[in-house]
Amino acid sequence: MTTADDHGFTGLTGFAADVLNNLGDIGVGVLVFLEVLIPPIPSEVILPFAGYLSQAGELNLGWLIVWSTLASVIGALVLYGLGAAVGLERAIRWIAWTRLVSRTDLERGAAWFHRHGRWSVLVGRMIPGVRSLISLPAGADRMPLAWFCLFTAIGSGLWNSLLIGVGAALGTQHALLEEYLQYLDWVVYGAIAIALVVLVIRRVLEHRRVVDEASA
């Protein structure tokens with residue numbers, strides 16, 4: 001296995017590489033669990049990166065899929081539990097207070113669940129901006145836990161396998177891509193920056209809408 005000092009990555013991608021190198025395959029589970037609870041961390045970057053490293057080092061492709069899917073289910077259960085414990089409206093209010101997710105996105109996830117029912121848990125796992133938030137209304141409505149876990153595992157497993165597989169395919173071209181590794185951090189930071197800018201813009205527009213409705 002490559003060591004934290006010789007994997008060639010720096011910054012945020014270096015941190016992710018260190019986690020994977022130090023913890024092995026289970027490291028992707030740690031990163032995915034954080035991604036579920038902190039939406040601005042993009043799984044679209046983490047999972048292909050893990051797949052890439054599986055070809056460049058000694059990470060096991062199958063275990064990456066297993067651990068990432070297990071972490072997705074555990075993270076979803078945390079949000080399911082929150083929705084079940086305090087109710088949908090209070091859960092939305094608490095999470096919106098963190099400023100990590102806008103109230104509009106939270107309400108959109110709830111509307112998606114109420115429109116499509118329990119099947120939205122399966123399909124929603126493959127839709128950015130919905131896959132984490134769908135757990136709140138599922139918990140608040142006390143969706144049967146067995147179905148919730150099954151649909152979450154299937155949907156997350158398909159999504160994770162796709163992204164990890166894309167990264168693994170790129171990993172076979174390690175020698176060709178090595179000269180571009182120095183730019184990968186900028187891609188990651190750019191993705192996070194865009195997510196944060198969109199979040200801020202939505203918060204401003206949402207605040208203006210509330211003010212306009214109050215003054216109308």
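**Close-up views of a helical protein: figure legends**

Leucine 37 counts as partly exposed because its relative accessibility is 31%; here buried means under 20% relative accessible area, exposed means over 50%, and partly exposed lies in between (1.4 Å probe, protein chains only). The views show a predicted model, in which local features need pLDDT of at least 70 and side-chain atom pairs count only at pLDDT 80 or more, while totals for chains, interfaces and linings use all residues. Residues are numbered from 1 along each chain as its sequence is written, and side-chain values use heavy atoms, with hydrogens and water left out.

**View 1. The whole protein.**
The protein has 11 helices and 0 strands; both kinds of element are DSSP runs numbered from the N terminus, helices being H or I with at least four residues and strands being E with at least two. Of its 216 residues, 41% count as buried. The accessible surface comes to about 11,200 Å², and carbon and sulfur atoms hold 68% of this area. Accessible areas come from the Shrake-Rupley method with a 1.4 Å probe, and for residues only the protein chains shown count as cover. Among contacts with a separation of 6 or more, 71% join residues 24 or more positions apart, a contact being heavy atoms within 4.5 Å.

**View 2. A nonpolar patch on the surface.**
Leu23, Ile26, Val30, Leu34, Leu37, Ile38, Leu70, Ile74 and Val78 form this patch, and together they have about 660 Å² of accessible area. The elements that give two or more residues to the patch are α2 (26-37) and α4 (61-86). Helix α2 gives the most, with 4 residues, and leucine 37 lies in α2. Patches are made of residues with over 30% relative accessible area and no salt bridge; like charges are joined within 9 Å, and nonpolar side chains (Val, Leu, Ile, Met, Phe, Trp, Tyr) within 5 Å. A salt bridge is a side-chain nitrogen of Lys or Arg within 4 Å of a carboxyl oxygen of Asp or Glu.

**View 3. Helix α2 and its buried residues.**
The 12 residues of α2 reach 17 Å from the first C-alpha to the last, close to the 16 Å expected at 1.5 Å a residue. The expected span of a helix is 1.5 Å times one less than its number of residues. Gly27, Val28, Gly29, Leu31, Val32, Glu35 and Val36 are buried in α2. An α-helix has 3.6 residues a turn, so residues three or four places apart point the same way.

**View 4. Helix α4 and its two ends.**
The end C-alpha atoms of α4 are 38 Å apart, which agrees with the 38 Å that its 26 residues should span at 1.5 Å a residue. Buried residues of α4 include Leu64, Ser68, Ala71, Val73, Gly75, Leu79 and Tyr80. At the start of the helix, a side-chain oxygen of asparagine 60 comes to within 2.9 Å of the backbone nitrogen of glycine 62. Just after α4, glycine 87 has a positive phi of about 90 degrees.

A polar atom of its side chain lies 2.8 Å from the backbone nitrogen of asparagine 60. Apart from neighbours within four places in sequence, aspartate 25 is in contact with Leu59, Asn60, Trp63, Leu64 and Trp67.

**View 5. Serine 135 in helix α8.**
Serine 135 lies in α8 (residues 135-140) and is buried, with a relative accessible area of 0%. Its side chain is joined to that of arginine 125 by a polar contact of 3.0 Å. A polar contact is a pair of N or O atoms within 3.5 Å; within protein, one must be able to donate a hydrogen and the other to accept it, and residues adjacent in sequence count only if both atoms are side-chain atoms. Leaving aside neighbours within four places in sequence, serine 135 is in contact with Ala76, Leu79, Tyr80, Arg125 and Phe148. Glycine 109 is 26 residues from serine 135 in sequence, and their C-alpha atoms are 8.6 Å apart.

Arginine 142 is found in the loop between α8 and α9 (145-171). Although not a glycine, arginine 142 has a positive phi of about 55 degrees. This residue is exposed, with a relative accessible area of 57%.
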